[in-house]
2 protein chains.
Amino acid sequence: MQKKAVNFTRRSLCPLNASVEMLGDRWSLLILRDMMLRGSRTYKEFLEASLEGIATNILADRLRRLERNGIIHAKPDARDGRRMIYTLTRKGIDLAPVLTEMVLWAAKHERTGNQPLIRKMCANKQAFIAEVVKRLRAAKE
Amino acid sequence: MQKKAVNFTRRSLCPLNASVEMLGDRWSLLILRDMMLRGSRTYKEFLEASLEGIATNILADRLRRLERNGIIHAKPDARDGRRMIYTLTRKGIDLAPVLTEMVLWAAKHERTGNQPLIRKMCANKQAFIAEVVKRLRAAKE
DNA sequence: CAATTTACTTGCGAATTGCAAGTGAAAAAT
DNA sequence: ATTTTTCACTTGCAATTCGCAAGTAAATTG
């Protein structure tokens, strides 16, 4: 497995800027949440799982971008030629700590839902992340 | 100190969505980076420190939004009536782990700069965050 | 083979972004 | 005291992006 160089130019070399250019929009992280925590794997599942109501063209665009950035991988479903199966790459799985910290931050400072998840995250953050990572690696089959 | 209810409606109650609605754009996190790691405190400093070249209208808008969301605090400089001094609130300081994880993720998977910072973060993540938080709390005077 | 499902694309108005230029108040220089 | 400079923005406008509704094409189901 080989790493591809990024062939477009970033605004700066700062690592945070790289993250922001890949993830800094209103939808990418939510798609990743649906993959990590809800097991969404297909276009339809993303549309249905999305609590926030993502538009179809935006979803298609974001899936393309996430794939271009090596965060997710798309391959046709062997059982159903219409379907694409989206899975997280290693790089995508490595975002688990980022997502977790963002969830914990909002849960601390905003009035949010999904309390059972929060409690589990709070109780043992490292264990929670490890469990998610383990499950996602297994799902890469 | 009292928490204000958010009086506009979120797309969903998911905590990650709350984070994304507050921080999910191309500039907010970079401004926070400049506050946390470079000590930027005024409009001019943000413009000068910004490696990425933020536009003046966008900067003004983002500072307003960050303040509305309780992430930063603005108060006029007593020594210079033109200046506003922006500082991180407790809520803003609590974003240190989020920023750190995003930096570490990009540093691992992309070709980025600022290697000394990365090395320090990697060596002891918790200590790094604790140090940043300590410094920022002190700066709230 | 007709109907349905899946994964998109297209069109288009609305909102957001980014650049350049301008404004107004305060401070510094003369 | 008056001019000049600095600072923190705002305004105008073109270009890009977003979001909704509708449409399309291929594969599958009945």
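In this predicted model, A:L99, A:M102, A:V103, A:W105, A:A106 and A:A107 of helix 6 of chain A meet B:P15, B:L16, B:A18 and B:S19 of helix 1 of chain B. Contact here requires the C-beta atoms of two residues, placed from the backbone, to lie within 7 Å. Nine of the residues in this contact are nonpolar, one is polar and none is charged.

Helices are DSSP runs of H or I with at least four residues, strands are runs of E with at least two, and both are numbered from the N terminus. Residues are numbered from 1 along each chain as its sequence is written, chains are lettered from A and ligands numbered from 1 in the order in which they are written, and the model is predicted. Local features need pLDDT of at least 70 and side-chain atom pairs count only at pLDDT 80 or more, while totals for chains, interfaces and linings use all residues.

The whole contact between the chains takes 39 residues from chain A and 39 residues from chain B. On the side of chain A, helix 1 (15-23), helix 2 (28-38) and helix 6 each supply at least two residues, and helix 6 gives the most, with 11 residues. By class, this side has 20 nonpolar, nine polar and 10 charged residues.

How are the two chains related? A rotation of 180° with 0.0 Å of shift along its axis superposes chain A on chain B, with an RMSD of 0.0 Å. That is the relation of a two-fold axis. The superposition is by least squares on the C-alpha atoms of residues with pLDDT of at least 70 in both copies. The same surface serves both copies, as 100% of the contact residues of chain A recur in chain B.

Eight of the nine residues of helix 1 of chain A are buried, so this helix is largely enclosed by the rest of the structure. A residue is buried if 20 or more other C-beta atoms, placed from the backbone, lie within 10 Å of its own, exposed if 12 or fewer do, and partly exposed in between. The buried residues of helix 1 of chain A pack against helix 2 of chain A and against helix 2 (28-38), helix 6 (96-109) and helix 7 (115-123) of chain B.

Of the 19 residues around DNA strand C, A:T42, A:Y43, A:K44, A:R83 and B:G81 come nearest; a residue is near a strand if its C-beta atom, placed from the backbone, lies within 6 Å of it. DNA strand D is surrounded by 19 residues, the closest being A:G81, B:T42, B:Y43, B:K44 and B:N57.

Methods:
Ala, Val, Leu, Ile, Met, Phe, Trp, Tyr, Cys and Pro count as nonpolar, Asp, Glu, Lys and Arg as charged, and the others, Gly among them, as polar.
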